[in-house]
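Thanks for coming, everyone. Let me put the structure on the screen, and then we'll walk through it.

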Amino acid sequence: MDLRAGDSWGMLACLCTVLWHLPAVPALNRTGDPGPGPSIQKTYDLTRYLEHQLRSLAGTYLNYLGPPFNEPDFNPPRLGAETLPRATVNLDVWRSLNDRLRLTQNYEAYSHLLCYLRGLNRQAATAELRRSLAHFCTSLQGLLGSIAGVMAALGYPLPQPLPGTEPTWTPGPAHSDFLQKMDDFWLLKELQTWLWRSAKDFNRLKKKMQPPAAAVTLHLEAHGF
Amino acid sequence: MAVPVPWACCAVLAAAAAVVYAQRHSPQETPHVQYERLGSDVTLPCGTANWDAAVTWRVNGTDLAPDLLNGSQLVLRGLELGHSGLYACFHRDSWHLRHQVLLNVGLPPREPVLSCRSNTYPKGFYCSWHLPSPTYIPNTFNVTVLHGSKIMVCEKDPALKNRCHIRYMHLFSTVKYKVSISVSNALGHNTTAITFDEFTIVKPDPPENVVARPVPSNPRRLEVTWQTPSTWPDPESFPLKFFLRYRPLILDQWQHVELSDGTAHTITDAYAGKEYIIQVAAKDNEIGTWSDWSVAAHATPWTEEPRHLTTEAQAPETTASTTSSLAPPPTTKICDPGELGSGGGPSAPFFISVLVTLALAAAAAAAGSLLI
């Protein structure tokens, strides 16, 4: 089966549903852990590590796609890639997200992004690219597990896929080579933006989890005039 | 008494002055404003006068030489900035004002320099611009901000003429911002544009109120405190990390410390007694670039009453121990033959011993040469 032509997004969405049903990673083993604080810190650290890793991975991959995708001024309109989870959010809405929703949005986004990345990996032409992508996918899987751990520690249920969003296996219109590359470009861009957003999300959660006295002191220090 | 004669004379003079004044500032001739390019040539006609009319030209009230005239037209070649002014042409005999031109010599605008920065993330960002070289004539600027296909409003800064502010509606956007500016004046027009991601333009203002204090009883410590910049709206959700640099004034090499949180740090390796200069910079933890360095703070570590130039902390000293520390240690003591005999005052026997040594050395050399 030729994976390059055909409805790649559809197939990947199907694969995604398979992933949903996999049990969440063993981070749920709670052997007397001291609350969600340390695992939030760990999750934050993972987003920073991934963001750093992604910078070199994206550079290599965009060069592989070739111009105009690897040009710094490349600024295409956001067409297609409808199913990609978007990090962009209204400022006030983002601020007022409750912890559960904040974590859920992160978890769902990375689950989808991981699935799409795995599809990218399958289609990558060089062994070196496949190796880098595979390594990144493993790290991203680790991040997912970490987020799941935080949610479990806070008593939030892991999001399950809604019935009806499971795609049927229908081959869609042939995706041109250029459009496929555009999708890859947006995937990497969205991934990078999500990692920046997650760092801010976990910062916010970290501050909330701190003991109230310390939080107040920090607040006074920051506005100490 | 011939009083009426001078009186009449004054009246005539006053009337003449009034007529001249009325002619010079006649309301029917408002100056025509004209812009011309630096270095170019311009010919100013005297309004609707014939080419062969007899006219005189003045600039800012000063007569112009007739050799600049081409008939009734004024010809100016190789315009310089000094040519700017109010030019007026008068009918030569009646001094009737025919025409006025306010000439402004300048240049068309070169490509403007535009930059944008967010020092108030996530509230918004500002863009500022300037021309790389002056035009010497008035310019108007027009800024447009596009986020994808959406037009955003750039509000003029209340104080600064060449700055405007944009508020973020959405955060964590993958779509770039495009800011374009067009500048135009009477002689020309130019534009430029820049595109950027939301994250790349984040650069906080420098930390404020940097204070360095000595730590009592600690000659190698300095305590530094500062505040997050007041323009950074939300240090809780968007924490800043800091970079501290310090050096003694007498050295050029900086020491650096990066701090991931907190607004205080204690330097523990300061050279005792040396005045230090300390600066701090700030950056969002994850995105953007470092701020400029803060205003410098100066401090000298704590020292006890007599100041010592050594780098080790010393125990409080009594007079006896001071004397002993100034005397040379026994192992490096110079052999002093004078002391063997008298054990008294050092200076005279020492001098004698030098002479004795030299004499002995000379004798040895003489003996050596005799042997050879």
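At what angle do helix 5 and helix 6 of chain A pack, and how far apart are their axes? The angle is about 30 degrees, and the axes are 14 Å apart. Helix 5 covers residues 127–153, and helix 6 covers residues 177–209. Helices here are DSSP runs of H or I, at least four residues, and strands are runs of E, at least two, numbered from the N terminus. Axes are lines fitted to C-alpha atoms, for helices over the stretch in contact, and angles run from 0 to 180 degrees between N-to-C directions.

A word on ground rules. This is a predicted model: local features need pLDDT of at least 70, side-chain atom pairs count only at pLDDT 80 or more, and totals for chains, interfaces and linings use all residues. Residues are numbered from 1 along each chain as its sequence is written, chains are lettered from A and ligands numbered from 1 in written order, and side-chain values use heavy atoms, leaving out hydrogens and water.

Back to our pair. Helix 5 and helix 6 of chain A are therefore roughly parallel (under 35 degrees; over 145 is roughly antiparallel, 65 to 115 roughly perpendicular, the rest oblique). Which residues make the contact? From helix 5 of chain A: A:F136, A:L140, A:L143 and A:I147. From helix 6 of chain A: A:L191, A:L195 and A:F202. Contact means heavy atoms within 4.5 Å. The contact residues divide into 7 nonpolar, no polar and no charged.

Next, helix 4 of chain A, residues 99–123. Helix 4 packs on helix 5 of chain A at about 160 degrees, with axes 10 Å apart. That makes the two roughly antiparallel. Their contact residues divide into 18 nonpolar, 5 polar and 2 charged.

Now chain B. It has an open sheet of 4 strands, in the order 9-10-14-13, with antiparallel pairing. Pairing takes at least two DSSP bridges. Which strands sit at the edges? Strand 9 (113–120) and strand 13 (155–156) of chain B, each pairing on one side only. Strand 13 is joined to strand 14 (residues 163–167) of chain B by 2 bridges. There, B:K156 stands opposite B:C164.

Last, confidence. pLDDT is the predictor's confidence in each residue, from 0 to 100. Chain B averages 84, and 77% of the residues score at least 70. Over residues 317–329 of chain B, pLDDT is below 50. Where pLDDT is low, the predicted coordinates should not be read in detail. For the complex, the predictor gives an ipTM of 0.75 and a pTM of 0.71.

Methods. Nonpolar A, V, L, I, M, F, W, Y, C, P; charged D, E, K, R; others polar.
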